[in-house]
Amino acid sequence: MNGMAWIIFDFAGVIGLHQPQADQDAMVKAAQGPTPEEFWEAYWNHREQYDGARVTAEEYWSTVAPAANVRRLVKLDVESWLHPDEGTVRLLDDLSERGHNLALLSNAPLELADAVERLPWLGRMDRLFFSSRLGMVKPDREIYLTVAAELGVEPAECVFVDDRPANVAGAEEAGMTGVLFEDAASLRRRLLPAAG
């Protein structure tokens, strides 16, 4: 997009796929007790605290699945998020080759952030930002302002792409151009025509 210094991408649901059903099933089995409905309700109800590093992995998982092996659940949880959306990964390659600065902004606990940083298919990313390291989570307006400041630009010089409307709205409230991700093909049509 013309005039934009940075294109900032969410991770899960944009660059990485949402958790596959097989991975979800493995996590519920490892939880040793809760029904699937109970497990996922607790998983998401307490996730913001975990993503923002306000609780540890042990504290989070003891709430979600008190009888489970924490290390096992952390491993399964991290692995469940590491499946690439090949179309978006190819788009990152093309945008990078055309000279765009690319950043990641993800709500992710420390354990997931560590794993995402090691992904070879994120090699085109110039900067990586994670909620757990910033101590704040999307869609808090401050997280977008902090990222823009870290990048050395005004929010208005950033495009932010996310699959969650609330996160896109948060970016727009901070002054960024928000793009709601639907699929890689439509995002390509949105971003590449102006890439020059």
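Trainee: Where does serine 106 lie?
Mentor: Serine 106 is in strand β2, residues 101-106. Strands here are DSSP E runs of at least two residues, helices are H or I runs of at least four, and both are numbered from the N terminus. This is a predicted model: local features need pLDDT of at least 70, side-chain atom pairs count only at pLDDT 80 or more, and totals for chains, interfaces and linings use all residues. Residues are numbered from 1 along each chain as its sequence is written, and side-chain values use heavy atoms, leaving out hydrogens and water.

Trainee: Is serine 106 buried or exposed?
Mentor: Buried, because its relative accessibility is 4%. The cut-offs are under 20% for buried and over 50% for exposed, with partly exposed in between (1.4 Å probe, protein chains only).

Trainee: Which residues is serine 106 in contact with?
Mentor: Leaving aside neighbours within four places in sequence, Asp10, Phe11, Phe129, Phe130, Ser131 and Lys138. Contact means heavy atoms within 4.5 Å.

Trainee: Switching to the sheet. What order do the strands take?
Mentor: The open sheet runs β3-β2-β1-β4-β5, with parallel pairing. Strands pair if DSSP finds at least two bridges between them. At the edges are β3 (127-130) and β5 (177-180), each pairing on one side only.

Trainee: How many bridges join β4 to β5?
Mentor: Four. In β5, valine 179 is the bridge partner of valine 161.

Trainee: And overall, how many helices and strands?
Mentor: The protein has 11 helices and five strands. Of its 196 residues, 49% count as buried.
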